Amino acid sequence: MPSLNLLPCVMVAVPLFGALLVLLTSRVGGEQARWTALTNVLITFALAVLMVWNYRTPELLPENANASAREVTADDAIQMKSSLRWLNWRPAAPAVVEGQPQNPRDTAVELSFGVDGISLWLIVLSALLMIPAVLVSWESIKDRAPQFYALMLLLEAGLIGVFAAQDIILFYVFFEFTLIPLFFMVGIWGGSDRRWAARKFFIYTLAGSVLTFLGLLFVVLSESWMTDSSTLTFSIPELTRSIQRITTVSGPAHQYWDHASPWIFAALFAGFAIKVPLFPFHTWLPLAHVEAPTAGSVLLAGVLLKIGSYGFLRFALPLVPGASVAHFHVIAILAVIGIIYGALLALAQEDIKKLVAYSSVSHMGFCLLGLFAFNTVGLTGGMLQMINHGLSTGALFTLVGMLYERYHTRDIASYGGLTRKYPIMAFCLLVVAFSSIGLPGLNGFTGEVTALLGMFATNKLYATLSLSGIILGAWYTLSLVRRTFFGRLREPVQEHGHGHAPVAARHGAESAHGGHGSDHVALKDLNFREMVALGVLIVPIFWIGLYPQFFTSRMQPSLQPIVALLQSHGATQLAEGRPTAPATEPASAVSQLPNSPASPPSD
Amino acid sequence: MADMLTRLIPLFPLLACLITAVAGAKWLKEKSHWPVVIGCGLSSLCSLALLFSIPNTPGEQVQPVVLYQWMQIVEPKIENGPVYAPGAEGVSPGLDLKISLRADSLSTTMLAMLTFVATLVAVYASGYMHGDRAYWRFFSIVGLFVFSMIMLVLSANFLQLFVFWEAVGLCSYLLIGFWYEKPEAAAAGMKAFVVNRIGDFGFATGVFLIWTTFGSTEFSAVLGDSAAIAKLASTNPYLLTTICLCLFTGAIGKSAQFPLHVWLPDAMEGPTPVSALIHAATMVTAGVYLVARCTPLFQLAPDAQVFVALIGGITALLAALIALTQNDLKRVLAYSTVSQLGFMFLGLGTGSLVGIGGAMFHLVTHAFFKALLFLGAGSVMHAMGGVIDMREFRGLKRLMPQTHTTFLIGALALAGIPPLSGFWSKDTILGAVYEQAHAHHEPAVAGAAPTATDEHADESHATTSAPPDKTMFGVSRVKLFGWLYWLGTLTAFLTAFYTFRAFFLTFYGGPEKVPHAAGHHAHESPPSMCNPLWILSGGAALLGLLLGHMTGIFDGYLSGTIDGLKEASHEHGINWLVAAVSSVVAAIGVGLAWVMYKEPSAIPGRLAALAGPFTRLSEHRFYLDEVYSVFVVKPLQGLAHFSRFFDWLFVDGLFVTGVSKLPAVLGRLPRPIQNGLVQFYALAMMLATAVLMWALLSKQT
């Protein structure tokens, strides 16, 4: 079916169109906006399912694969490609200067989309998380609802676009574009400190991504200089391929690239590390989460953070493999600190949303640890962890939102024993909490264990240190469960509309005509709408936990070429104790085993 | 046939769990126990059939039944690239994990015990939990637990074992906190899970190490490859020891050994059937199973074995000492469980096949008599209206005759009075320890690792006596085991004493006294609760005679997995001297308890006062919870709050806000220039023009 090649493009267009539709029909009636948005979101998700259905798993790398085999596999993995010339210009007079690299003459930025095993699941995740995001906003967003839903659909278009983009400029446009709807969502519908939170979030991430953009442009320009070509290549797969070709042969171009790589890595790091967020660039996250409306938190934690790790996987690792390997220790140490420090911070929080936000810092550390393990096991784990974190943290924020809608407080201490009153919610919270602390059979385990296994093969110390994060993870998550849902029933005092917090006040004004009656109606267990919102997240939580092969088999062909590339850049020589005497560390002393043919060539 | 049975055994409890979960609240209601009772019963029948249908020949690899491919990750093999080989640093071997079932004699033994006890406990619980608000929830989780535990013992690789290891931990968490409205129950559940996580941290590290060292986590590739283990032991014994110690850390957590035993007594907050099934008979023995399963690894890591024995011995004594002064009947039994598990590890730690066989046998007999004792305690608790403090009731013999008799049988078995089951299993362990303590005559060939263990039984037995005489603690092995033997004998005495102290305090100790909570209708428990007690007491009484040393059936059967066990136990038999000593010691313990507690007397009080500081130490459980609170929990919480402060002040405050202030500060620097004075602007303009002119002119000339 050739027509399905347009699927990624259509998936970007549908929410855009939906956003327009929501705004246009907003005058028809109050109910209209959310139904339009929901329909649109469901259609997009159906398209995402179709995309998975249509994605055929390519062959894995053959034995003794060389660079060209890598290219074939990587190319096979990108499917449903479509492209359209977008920006196209030609300088009038090519200025040729002796001894200088020739200036490019022809430039083409394309509207090109495609899906590989990496972006496939992130697109599905984005489309999936929109469903609970719309459903939790159903009752809580009354003020300027059409605009809210329109922004949300714009955000969805941006998120799908960022993962489906196969052109660097297009990627960057979507990358920045995702900030704008979220900025308004936080700034308009957020909590009491929303303006400050929105500004901080926007400027902080923008500051990083501008540097990233410089890095990306530098890659494009360098490629054209190195290949001496007359055109600028913006296509991500072509760029990757071309640079990898350069680095397989030695020559001035290769040398040049080796010199440029650390700078490019630093530039990419600036944007992506803030997005992830890596310690110590994480402080915008809790603030933004606390102030954001529930849907904003769900999407921010669920998908937006993944753009950072996706960036590392899509750009940093394949484009500057040497620099990535060289900066292994930096990233790994930051990730390990993030895991433990984030967990400790989560332990000290009294605000549910802040707790979940800091736990994100901890969990995303696992994700980066997996990616920087530089082997397929680790990369698969990192990928899985991206999805898992999206699902479980998304679900946690959804639950917090439901609780907030009922009581208008996020203070852990004011809750207790809610299971009695909300058994279904308690069940969902338990599933999600255990998914988040990595209980086998649920998704969190598959991601964490593969990421850590991968890292363990590369470096035992970091893996073991971060393994201690799972103890702290169990502690703070189960504390949260115990304090809010177990023990004797304790409910926060109802403010009934005359609270002093702006949100409560606004809500009070909103529900003033509903009167007290509506407040009491709200204090029931999950209704059908809320169950659907959580159900769509809990199903994949179990699915990934019980049968991850479905997901990993489709990822691997896209991950293997990257791993092969990284390994040819010496990724296997990172084991700790290698530079020093291996006998000091009992764990690494296995290398003394006789006739182990594998001891890789040292450089 | 065997494959079919292996598939069916976990299927029934899983179905029962799902049926109860889906239909329990709305339709089944008070009948919610039926799916689980039937499921466990069918599973139990299948397990019994499986006992006899597996090909139980030593040294043969068991083919696992593969259910499905869970995950497969292939590492690329690139030109001139690194290829994984055992010991290759920094290279990932890829991951190939199938969910599969592997039934050998060790697994089927565990299965038969597990499903049998589970069925009885389910029947018992239908009486005990009757009328509970969440009756269906209880049985659904029990079903899930039985399923997870079955999958745990049927695992064919370490990762799957770990998966279900955590899954039984989840069920334990959910069941301890079953009455979530009780803050103690909720806290105890969480404590159990988090403390277990500490052990799992070690277990996971061990599995990771196995994965990098052997390139696989399949039992067949790790435990079945004796050549690889032998090579590792000769080239890198530290690594092997590390692996064993890591795995043992997991066992310490799950089997509640010192110093991670603190969760088990608190776990008694859960319903009593749960205490019997999970926290006495089955889940807590998973650690013993793990170490027994990893015998091929431990056999060649003598240091790790000594460590296992030492931890086991310390735990056995420590828990027995604590049990002496506890007033809560269930807590006495909980500490007794900890102590008996310590005994099992002591047996495993001897490294001799007899010791390992004895540990496994003790596991089975202990499951019977300890489940019996717990269910008996539950029966008392049921009648006393939920009160379990032994100071609140006494003299219940006339009121609860059936519970009294069955409890007595269980107590005798636990005390190790011949010919009840506990006697046979405990004395096998003590005999094995004694033998290690008197191993002078055997030549200690230091470091003589065997080349392959798949030869003859006597060969493999010879290797067990090979460990060097010095242990890693600097004490000679013989001396250490000598101490451990006396320590074990002392524990046997204490066990008999505290068991019968509890027995006499509950059923005798003066005129009948019933707490107010029981009301006026305190009565013997219904048949659904008493019948399981009778069946279990049959097992507790007879298992030792029927399967133990007199017939050699148990060791013979288990030698299908633990190669050479049959011959070893034939050769060494039971050490009648050791048996006599421990029986006499146990009898003294029982007698002492009789004197002190049969009738109310002043002796216990005087004795407690005499032993002043020691009594307080025992009553406060050696202050271990306080130690953890002061040295672990509080510092970590302090660190957490410090991190919060640090994050606020330095990371966000100074670093981020500082940087964000930079543009404003930079902007402020040239601000004085824009001072609004036209004269200043004119001056600046003129000066600038002058400089420009000068620059241009100087360039032209």
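In which helix of chain A is the place of Asn443(A)? The legends below take up this and other views of a predicted model, in which local features need pLDDT of at least 70 and side-chain atom pairs count only at pLDDT 80 or more, while totals for chains, interfaces and linings use all residues. Residues are numbered from 1 along each chain as its sequence is written, chains are lettered from A in the order in which they are written, and side-chain values use heavy atoms, with hydrogens and water left out.

View 1. Asn443(A) lies in helix α18 (residues 443-458) of chain A, helices being DSSP runs of H or I with at least four residues and strands runs of E with at least two, numbered from the N terminus. The residue has a relative accessible area of 0% and is therefore buried, a term that means under 20% relative accessible area with a 1.4 Å probe, protein chains only. Apart from neighbours within four places in sequence, Asn443(A) is in contact (heavy atoms within 4.5 Å) with Asn388(A), Leu391(A), Ser435(A), Ile541(A), Ile544(A) and Gly545(A). Chain A as a whole holds 23 helices and five strands, and 66% of its 603 residues count as buried.

**View 2. The interface of chain B and chain A.** The contact draws 71 residues from chain B and 90 residues from chain A. Together the two chains bury about 7200 Å², 70% of it on carbon and sulfur atoms, where buried area is the accessible area (1.4 Å probe) lost by two parts on being put together, summed over both.

**View 3. A salt bridge across the interface.** Arg420(A) forms a salt bridge with Glu181(B), their closest N and O atoms lying 2.7 Å apart; the rule asks for a side-chain nitrogen of Lys or Arg within 4 Å of a carboxyl oxygen of Asp or Glu, and finds two such bridges between chain B and chain A. On the side of chain B that touches chain A, at least two residues each come from β1 (65-73), α5 (158-176), α6 (183-214), α8 (226-235), α9 (237-254) and α27 (624-668) of chain B. The largest share of this side, 16 residues, comes from α6(B).

**View 4. Cysteines of chain B.** Zero disulfides, defined as pairs of cysteine sulfur atoms within 2.5 Å, are found over all chains. Cys246(B) is in no disulfide, and the nearest cysteine sulfur, that of Cys244(B), is 9.4 Å away. Cys246(B) counts as buried because its relative accessibility is 13%, and Cys530(B) counts as buried at 2%.

Methods:
Buried < 20%, exposed > 50% of the residue type's maximum accessible area, 1.4 Å probe, protein only.
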